[in-house]
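Please look over the following model.

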Amino acid sequence: MKISVFGATGVVGSALLPLLMPDHDVVAVSRSARAAESGVRWIEADASSADDAARAIEGAEVVYYLVHSLGSRDFERQDQIAAENVAAACEHARVKQIVYLGGLGDDDPTASPHLRSRRETGERLSAAAVPVTTLRAAMIVGKGSAAFETIVALVDRLPAMITPSWVSTPTQPIALDDISRYLAGVCDNQAALGKSFDAGGPEVMTYRQMMERIAILRGRRPWIVEVPVLTPRLSSLWLHLVTPVGASVARPLIEGLKSPTIAREERLRTLVPFELTSFDDAAKVAFG
Amino acid sequence: MRRLATVALVLRSWKTSERMLASGGFESTQRVIASEPVVESSESGARWLGIAYWQAVNRVTRGGVRARWTNDGGRLTFLGGVSLLSFGVPELAFTGGAVSCRYAIQGGLLALQAGGSVTLAQRRADDEVELSVIVEEYVPRLAARLGAPTWTGALYAKGQSPLHAAVSRRYFELLASRAGA
């Protein structure tokens with residue numbers, strides 16, 4: 001089966017490709033040119049271009065949509081345009097399934113622009129006549145995950161942290177390997193067509209608890225003080241200063257941390273059964 | 001019959017009641033009937049019953065009261081500081097048609113003593129789905145003591161108690177709106 005993967009160079013896309021390659025004819029879509037690799041064909045295309053999207057999808061039966069424009073000034077609009085292009089191209093090419101990775105908490109009426117954009121992207125994809133399978137995940141625990149690496153950088157670099165109230169928000173992070181297995185597992189799965197699934201990890205924790213867990217793994221003991229007055233803008237500027245994450249990425253991420261991101265159902269665990277990776281084990285893999 | 005506003009799922013038959021038990025503790029119950037289940041019968045469904053409740057507290061108080069969690073349980077804080085109530089870890093249950101999340105009350109400024117609980121539940125009976133918030137054996141610091149003049153409990157009767165009912169109402173609406181999302 002021919003499969004096109006948009007966002008193939010991203011953290012999740014890179015982990016998904018090796019799972020698809022043994023059984024499928026995989027087309028990896030990237031905005032920049034890539035050298036040829038065995039088992040995968042790279043196409044240089046930009047989802048925000050209708051022509052590029054159509055070219056990348058040609059002949060595909062399943063399309064993975066793992067694109068987001070986080071870090072761009074108008075990321076919400078860019079995400080919408082790209083999703084509309086890909087949805088239209090999929091319909092024209094008679095694609096059988098679109099698989100989309102959305103965000104847990106994106107249906108919160110008070111969701112941040114980042115989470116809202118994840119929901120709207122899903123809605124744009126679903127507007128076409130192609131069945132969409134949506135997996136909704138919280139923080140991905142893996143190397144290169146912006147949210148995870150931000151938390152790790154905070155723990156590593158600061159002996160003491162004055163944190164905003166979002167550190168008390170519950171979340172359900174999932175290992176990069178696990179979300180990749182889920183994504184691969186719903187490919188051409190008839191029971192998943194046109195449905196949305198919560199992809200939660202095995203543990204629920206607050207961001208503060210996550211920091212404390214990471215601190216233990218890193219052999220550190222940071223002092224964490226919560227204050228209610230730190231705004232997302234101040235927090236993102238602070239993160240920009242002390243972590244490798246730029247303010248343009250940090251701010252939408254921080255705004256999103258206000259919403260609980262936990263699974264409300266477990267149907268995916270029955271549909272694609274395997275033993276989920278603990279947070280500590282996933283973090284150790286991410287640390288390398 | 002009053003109908004609550006929802007986006008995706010119909011709620012009806014709102015009921016609220018409160019009584020003082022012989023022990024001196026309070027029992028407060030809010031119930032509503034939903035047209036469909038709002039959570040599935042699973043650990044995640046039970047946990048969501050609890051998470052949504054604290055979200056409702058946060059929204060009704062416009063962020064003034066928030067839940068904070070540690071490995072040992074949680075506490076409701078006012079403006080990030082004063083601990084209004086403290087709770088044990090969530091006790092999740094899902095058997096057959098019943099899903100629930102229970103928090104034991106362990107103390108805090110609004111509790112005269114440790115004891116009692118808050119239980120958020122969904123129960124299926126016949127063709128109906130009942131959602132409930134049940135506070136049991138809670139001894140509020142602000143309520144009138146047994147035998148004391150009624151006015152001594154005015155802060156509870158006119159403040160905390162109606163606020164709690166408002167939170168429950170918002171909670172049911174939140175559950176319903178997110179169930180269909």
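## Overall picture

Chain A has an accessible surface of about 12100 Å², and carbon and sulfur atoms hold 51% of that area. Areas come from the Shrake-Rupley method with a 1.4 Å probe. This is a predicted model, where local features need pLDDT of at least 70, side-chain atom pairs count only at pLDDT 80 or more, and totals for chains, interfaces and linings use all residues. Residues are numbered from 1 along each chain as its sequence is written, chains are lettered from A and ligands numbered from 1 in the order written, and side-chain values use heavy atoms, without hydrogens or water.

Of the 288 residues of chain A, 55% are buried (under 20% relative accessible area). Chain A has 11 helices and 13 strands, taken as DSSP runs (H or I, at least four residues; E, at least two).

## Helices α2 and α3

Helix α2(A) spans residues 50–57, and helix α3(A) spans residues 75–92. They pack at about 45 degrees, with axes 9 Å apart.

A:A50, A:A53, A:A54 and A:I57 of α2(A) meet A:N85, A:V86, A:A89 and A:C90 of α3(A). Contact means heavy atoms within 4.5 Å.

## Residue A:L176

A:L176 lies in helix α6 (residues 176–185) of chain A. Its relative accessible area is 14%, so A:L176 is buried. Among the residues A:L176 touches are A:V11, A:V12 and A:I140, leaving out those up to four places away in sequence.

Technical notes: Axes are lines fitted to C-alpha atoms, for helices over the stretch in contact, and angles run from 0 to 180 degrees between N-to-C directions. Buried means under 20% relative accessible area, exposed over 50%, partly exposed in between (1.4 Å probe, protein chains only).
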